Amino acid sequence: MRPPARPHSHRTPFRALASLGALLCALAAGAPARAATLVITVQTFDGRPLSGAVVTAHPLDAPAHRVPPIKAVMDQVNRAFAPDLLVIPVGSTVTFPNTDSVSHQIYSFSAAKRFQLPLYRGTPYPPVHFDQAGVVILGCNIHDEMVGYLVVTDAAYYGRADAKGAWSNEVARGRYRITIWHPRMRDEAADLERELTVGEADHAELTLRLTKSLTPAPLADRPHSWDY
Amino acid sequence: MQLKIGRRLPMDCPMPPLAWLLVPLTWLALAATARADGWELDLDGRLVSSNANPSYTQGGISGVRFDEDQSGLKLGRARFALTESLGELWSVHLDASAWGDHDRIPVGLTEAYLQFRPYPFAGYRLRVKAGAFYPPVSLENRAAGWESPYTLSYSAIDSWLAIEVRTIGVEAQLDWLGTRQGHDFDLAATAGAFGWNEGAGGFIAGDGFTLTDRQTPYGGRVGLPGDPVLMNFEPFRQLDGRAGLYGGLELRWLDRVVVRALRYDNRADPSAMDNATNAIAWETSFDSVGLRAESADGWTAIAQGLKGNTAIAPGGFYLTWPFKSEYALVAKKLGQHMLSLRYDRFEVDTNIAGGDGSETGHAWTAAYSYTPNEHWRFTLEWLRVTSNSYYRNDVFGLAALATETQLQLAVRYALGSGLR
């Protein structure tokens with residue numbers, strides 16, 4: 001997991017919710033109460049850990065259950081989204097405060113959510129509701145260098161890979177569809193989907209390796225006042 | 001056709017009292033900045049050492065901005081800029097500068113435009129500008145105030161634009177935002193229609209290329225009052241009823257590489273003249289292609305070429321000056337330090353039998369800048385221009401071939417809301 005960018009991130013309550021969700025799911029499905037640890041490791045095409053990759057696990061056997069929606073915050077600080085990526089369950093809301101001294105004008109034309117927040121500073125708008133799974137790419141109509149990502153998911157378990165490229169969670173036993181996504185990934189997400197069975201063992205592990213190189217990271221050292 | 005010209009030296013043009021303009025401007029600026037979206041105030045002072053021939057601002061021809069007589073402490077630029085949103089989708093930008101030399105207006109606008117920026121729709125985005133601004137040519141002048149963050153002096157190409165080229169009209173740009181849809185590329189197409197720039201080309205024919213960072217403001221003049229028609233004119237004038245046009249394409253690979261091409265034609269009637277002032281319409285067209293690439297470890301490389309033609313047709317003569325220039329720039333940023341090196345070459349030809357106005361030359365620019373914070377910048381620049389100019393000999397009696405060296409130490413202080 002990437003460290004939360006803000007002290008009051010949604011992640012801590014979310015973890016508790018996810019664990020609760022996993023427990024409820026296991027009970028509902030009549031699966032053995034004893035959970036197993038699912039460990040997904042994500043690697044770049046040349047075998048290095050891909051930290052920050054979004055990992056989701058969809059149960060294929062158990063009836064679909066919904067992770068409760070959350071209330072998340074994506075701030076705008078120094079002409080950048082902070083954090084620049086959030087993973088949220090379907091039905092969640094996100095507030096987009098602007099703590100910069102300059103105005104921003106947020107938009108998305110992604111299929112999962114089309115919206116715009118007219119020119120503003122501070123927090124003049126109510127939270128935005130995300131009710132459809134998919135990746136939402138955010139931009140600012142005034143500052144082209146600003147890019148943010150929301151991954152809206154209907155998966156029972158999800159999270160982001162840590163510095164070693166690993167994500168783990170306690171899950172009910174059964175079959176899962178595992179997906180990964182990263183903003184700089186050139187692979188199609190569908191090509192990297194895998195099915196995995198969490199059986200009798202305490203652990204189930206899967207390593208997923210990208211087949212294509214990542215796009216270069218955005219340049220960090222360029223003054224915002226320069227022509228982009 | 002009398003092109004042999006004697007030039008008045010030095011200048012003694014009348015200046016309106018500075019205070020009369022500065023007081024209301026300052027008042028207006030303070031009132032506007034109180035609620036503006038963005039504003040910036042820059043003061044750029046120079047310590048100059050130069051061995052150059054009299055520069056164009058002093059009535060001469062030289063390859064650099066400051067000549068030998070201008071060595072010492074000089075004002076590089078004093079600038080005030082304001083960006084203000086007008087409602088949801090419109091904004092206005094004003095850029096005013098003083099250059100500390102003897103243009104007929106002490107403070108002038110280098111750019112002033114209204115921008116319309118509707119929201120992107122289905123992956124496309126439209127931008128419309130109306131007013132006065134630079135056509136999309138430069139790849140080095142990307143900092144605020146159309147300045148280069150790499151060197152003090154602009155390339156020969158961008159210096160020419162600074163002196164006498166501006167869009168006074170409308171420009172529309174349509175972007176396809178591929179990077180917002182999971183692709184590595186963005187594409188843009190630009191089209192512009194403009195007037196009041198039929199003086200552009202006169203500097204090429206009269207003075208040739210020079211490397212400067214002085215941007216002629218609206219209402220400003222190139223050359224000195226009383227100078228002959230080739231060397232004294234107002235670039236921002238309209239003498240016929242024809243609008244100029246340009247069209248361009250831009251390709252971006254992520255935020256790393258930009259490739260830009262533009263075809264420009266001011267479509268002036270070269271026989272149009274203003275009999276009262278002897279101003280001539282210059283029929284000027286050019287093609288420009290450039291590339292800028294940046295790496296994560298602080299390297300920037302820029303290469304650009306511009307090739308065009310300018311012509312006048314007074315009294316049945318048809319006189320043309322084909323011109324071209326190219327440059328390559330490499331810069332390396334290391335934290336607060338930046339080193340830049342640029343090589344320029346340029347050429348002006350003519351169909352006049354004697355070779356009037358022809359010039360060939362090249363220039364090396366090396367600059368080091370230290371930017372400890374967003375307020376201060378210290379730059380040391382060495383510039384050497386070698387050029388062979390017909391008029392330098394024909395008009396001034398100097399050797400046609402000259403090598404001029406200008407050394408500048410610049411200290412810039414910036415204050416504002418959108419500095420970084």
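What follows is a chat about a predicted model with chains A and B.

Visitor: How are the residues and chains numbered and lettered?
Guide: Residues are numbered from 1 along each chain as its sequence is written, and chains are lettered from A and ligands numbered from 1 in the order in which they are written. The model is predicted, and local features need pLDDT of at least 70, side-chain atom pairs count only at pLDDT 80 or more, and totals for chains, interfaces and linings use all residues.

Visitor: How many helices and strands are in chain A?
Guide: Chain A has 1 helix and 17 strands. Helices (H or I, at least four residues) and strands (E, at least two) are DSSP runs, numbered from the N terminus.

Visitor: And in chain B?
Guide: Chain B has 4 helices and 18 strands.

Visitor: How many residues of chain A are in contact with chain B?
Guide: 24 residues of chain A are in contact with 27 residues of chain B. Two residues are in contact if their C-beta atoms, placed from the backbone, lie within 7 Å.

Visitor: Which elements of chain A give two or more residues to that side?
Guide: They are strand 8 (104–110), strand 9 (113–120) and strand 11 (134–140) of chain A. The largest share, 3 residues, comes from strand 9 of chain A.

Visitor: What classes of residue are on that side of chain A?
Guide: It has 13 nonpolar, 8 polar and 3 charged residues. Ala, Val, Leu, Ile, Met, Phe, Trp, Tyr, Cys and Pro count as nonpolar, Asp, Glu, Lys and Arg as charged, and the others, Gly among them, as polar.

Visitor: New topic. Helix 2 of chain B: how many of its residues are buried?
Guide: 9 of the 9 residues of helix 2 of chain B are buried, so this helix is largely enclosed by the rest of the structure. Among them are B:Ala156, B:Trp160 and B:Glu164.

Visitor: What covers them?
Guide: The cover includes helix 3 (202–206), strand 13 (299–312), strand 14 (319–334), strand 15 (337–348) and strand 16 (359–370) of chain B. As for B:Ala156, the residues it touches, not counting those up to four places away in sequence, include B:Phe209, B:Leu211, B:Tyr327 and B:Phe346.

Visitor: How many residues has the largest nonpolar core?
Guide: That core has 57 residues, and those with the most contacts inside it are B:Ala156, B:Trp160, B:Ile204 and B:Leu211. Helix 2 of chain B gives the most to this core, with 6 residues. A nonpolar core is a set of buried Ala, Val, Leu, Ile, Met, Phe, Trp, Tyr and Cys residues joined through C-beta atoms within 7 Å. A second, separate core of 48 residues includes A:Val54, A:Met74, A:Ala161 and A:Met185.

Visitor: Back to chain A. What is the strand order in the open sheet of 4 strands?
Guide: The order is 13-2-15-16, with antiparallel pairing. Two strands pair if DSSP finds at least two bridges between them.

Visitor: Which strands stand at the edges?
Guide: Strand 13 (157–160) and strand 16 (194–198) of chain A do, each with a single partner strand, so one side of each is left without a neighbour in the sheet.

Visitor: How many bridges join strand 2 to strand 15 of chain A?
Guide: There are 6 bridges between strand 2 (residues 54–59) and strand 15 (residues 174–181). A:Thr56 has A:Thr179 as its bridge partner, and A:His58 stands opposite A:Arg177. Strand 15 is also joined to strand 16 of chain A, by 5 bridges, and there A:Ile178 has A:Arg194 as its partner.

Visitor: Which peptide bond is cis?
Guide: The bond from A:Ala82 to A:Pro83 is cis, with omega near -5°. A:Pro83 is in the loop between strand 5 (81–82) and strand 6 (85–89) of chain A.

Visitor: What about B:Trp146, buried or exposed?
Guide: B:Trp146 is buried, with 21 other C-beta atoms within 10 Å. Its phi is positive, about 55°, although it is not a glycine. Most residues other than glycine have a negative phi.

Visitor: And B:Ala122, buried or exposed?
Guide: B:Ala122 counts as exposed, with 9 C-beta neighbours inside 10 Å. Its phi is near 50°, also a positive value.

Note on methods
A residue is buried if 20 or more other C-beta atoms lie within 10 Å of its own, exposed if 12 or fewer, and partly exposed in between; C-beta atoms are placed from the backbone.
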